[in-house]
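Please examine the sequence and the structure shown below before reading on.

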Amino acid sequence: MRLALEQARLAEAAGEVPVGAVVVEDGVVLAAAHNCPMGRHDPTAHAEILALRAAGEQKANYRLAGATLYVTLEPCVMCAGAIVHARISTLVFGARDLRFGGVRSKFALADSDLLNHQVTVVEGVLGDSCTALLQNFFAGRRYPIRQL
């Protein structure tokens, strides 16, 4: 998760929402990525999607069975679907996404009995650090509320 946090800081430095993701298999990092939908003009350029794509290239296989995905923020529905399709074995995330979370907060896609693959989900790993990074990022972008 510390590598994912490093990736999130790269996103923040680029003005993107600070989310980072790392795919690991058998203790080896297959891929690491960070959010960059604004920079790439691509709504699918979430950290998870980019990390899954790079890991698939690395393995020359779109199935990543046996791999663990570490991500600083709970994946959205799009990313949760990609995680299931990639057959990721374990998802580890830091902070919940109370607005768009597709794994725990709004939906439970990754381990749904309705799908043909269930992902083991571990949440809250370095959660305080992940949450603080996001809160600080957004606090610096919001206009202060004026008192009437």
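## The salt bridge between glutamate 123 and arginine 96

Glutamate 123 and arginine 96 form a salt bridge in which the closest N and O atoms are 2.8 Å apart. A salt bridge is defined here as a side-chain nitrogen of Lys or Arg within 4 Å of a carboxyl oxygen of Asp or Glu. The pair links distant parts of the chain: glutamate 123 belongs to strand S5 (residues 120-123), whereas arginine 96 lies in the loop between strand S4 (90-95) and S5, 27 residues apart. Helices (H or I, at least four residues) and strands (E, at least two) are DSSP runs, numbered from the N terminus.

Glutamate 123 has a relative accessible area of 35% and is therefore partly exposed. Arginine 96, with a relative accessible area of 41%, is also partly exposed. Buried means under 20% relative accessible area, exposed means over 50%, and partly exposed lies in between (1.4 Å probe, protein chains only).

## Basis of the description

The model is predicted; local features need pLDDT of at least 70 and side-chain atom pairs count only at pLDDT 80 or more, while totals for chains, interfaces and linings use all residues. Residues are numbered from 1 along each chain as its sequence is written, and side-chain values use heavy atoms, with hydrogens and water left out.

## Further salt bridges

The structure holds four salt bridges. One of them joins the side chains of aspartate 111 and arginine 104 (2.8 Å, N to O). Aspartate 111 is partly exposed because its relative accessible area is 27%, and arginine 104 is partly exposed at 28%. Arg96, Arg104, Asp111 and Glu123 are linked in a network of salt bridges.

Lysine 59 forms a salt bridge with glutamate 25, with 2.8 Å between the closest N and O atoms. This pair also links distant parts of the chain, since lysine 59 is in helix H3 (residues 47-59) and glutamate 25 is in strand S1 (residues 20-25), 34 residues apart. Which of the categories buried, partly exposed or exposed applies to glutamate 25? Glutamate 25 counts as buried because its relative accessibility is 14%, whereas lysine 59, at 34%, counts as partly exposed.

## The sheet

Five strands form an open sheet with mixed pairing, in the order S2-S1-S3-S4-S5. Its edge strands are strand S2 (28-34) and S5, each of which pairs on one side only. Two strands pair if DSSP finds at least two bridges between them. In general, strands of a sheet pair through backbone hydrogen bonds, either parallel or antiparallel.

## Strand S1 and its surroundings

S1 and S2 run antiparallel and are joined by six bridges; valine 22 has alanine 32 as its bridge partner in S2. These two strands form a hairpin with two residues between them, and aspartate 26 in the turn has a positive phi of about 50°. S1 and strand S3 (residues 68-73) also run antiparallel, joined by four bridges. In S3, leucine 69 is the bridge partner of valine 23, and valine 71 is that of alanine 21.

How many of the six residues of S1 are buried? Six of the six are buried, so S1 is largely enclosed by the rest of the structure. Both faces of S1 are covered: Gly20, Val22 and Val24 are buried on one side, and Ala21, Val23 and Glu25 are buried on the other.
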